[in-house]
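Please read them with the structure open.

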Amino acid sequence: MKKFVRYFSVLPALLILFLIFGFSAQDGETSGSLSLRLCGTVLRSANRLLSLGLTELELWARADSIHFGVRKAAHMTEYFFLTMGIFFPLWIRFLTGAAGSSRKSTFYKILLLTFFLSVVCASLDEFHQVFVPGRSGSPADVLIDSVGICAACGILFLFRPRTNLSKSTVPAIDKNAHGRQQTNNP
């Protein structure tokens, strides 16, 4: 079961990477029109639900005004989830395989590795876009992606392990002769 969990824990990260690189492989016009249509659809639904009374022209003008922000928010969101997807297989690998090392210090190492791998993925994605017609790679986009990466790392940091217990120092539980549990503390 441990091997199954270990191997399949990488699937979310791989799926998110395929999604990110798939979106990046779209030419500039296709990518821009897709996100603009999405903005228009969301605004049209909000117009109906909230009875805003906006005309079609006003809807598309607003969609155009929020389009840039929506695209950048999508960058941050993609890399937030990618960072989470990279962290968990590394952490599961540690929990199911490493013995004798401090969970707290290993957590920080895994978090740093996760941050580094996520930034490398963002950089490679922008480099990839240089070769896509109508697209360009932008260091500013790597910084925007890094906002999502830092948000994910911050959340992971907030929920970090609070003890220095290693797996080898966790007390073993045995049953004594009367069937009661007792801990074997050294």
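1. Helices (H or I, at least four residues) and strands (E, at least two) are DSSP runs, numbered from the N terminus.

2. A word on the basis. This is a predicted model: local features need pLDDT of at least 70, side-chain atom pairs count only at pLDDT 80 or more, and totals for chains, interfaces and linings use all residues. Residues are numbered from 1 along each chain as its sequence is written, and side-chain values use heavy atoms, with hydrogens and water left out.

3. Overall layout. The chain has six helices and two strands. Along the sequence the pattern is α-α-α-α-α-α-β-β. The chain has 186 residues, of which 30% count as buried. Buried means under 20% relative accessible area, exposed over 50%, and partly exposed in between (1.4 Å probe, protein chains only). Among contacts with a separation of 6 or more, 69% join residues 24 or more positions apart. Contact here means heavy atoms within 4.5 Å.

4. Back to helix 6. Its buried residues are Asp141, Val142, Asp145, Ser146, Gly148, Ile149, Ala152, Cys153 and Leu156. They cover an arc of only 165° around the axis, which puts them on the same side of helix 6. The arc is that of the directions from the helix axis to the C-beta atoms. Exposed Leu143 and Leu158 sit on the face turned away from the buried side.

5. Ala13, Ile16, Ile20 and Ser24 are its buried residues. Seen down the axis, they fall within an arc of 75°, so they line one face of helix 2. An α-helix has 3.6 residues a turn, so residues three or four places apart point the same way. The face of helix 2 turned away from its buried side carries exposed Leu15 and Phe18.

6. Those two residues also belong to a nonpolar surface patch, made up of Phe4, Val5, Tyr7, Phe8, Val10, Leu11, Leu14, Leu15 and Phe18. Together they have about 910 Å² of accessible area. Helix 1 (2-8) and helix 2 each give two or more residues to the patch. Tyr7 lies in helix 1 and is exposed, at 57% relative accessible area. Patch members have over 30% relative accessible area and no salt bridge; like charges are joined within 9 Å, nonpolar side chains (Val, Leu, Ile, Met, Phe, Trp, Tyr) within 5 Å.

7. How many salt bridges does the whole structure hold? The search finds two. The criterion is a side-chain nitrogen of Lys or Arg within 4 Å of a carboxyl oxygen of Asp or Glu. Glu56 pairs with Arg44, the closest N and O atoms being 2.7 Å apart. Glu56 lies in helix 4 (residues 56-97) and Arg44 in helix 3 (residues 28-50), so the pair ties together parts 12 residues apart in sequence. Glu56 is partly exposed at 41% relative accessibility, and Arg44 is partly exposed at 25%.

8. The other pair is Asp141 with Lys72, at 2.8 Å between the closest N and O atoms. It links distant parts of the chain: Asp141 in helix 6 and Lys72 in helix 4, 69 residues apart. Both Asp141 and Lys72 are buried.

Notes: Accessible areas come from the Shrake-Rupley method with a 1.4 Å probe; for residues, only the protein chains shown count as cover.
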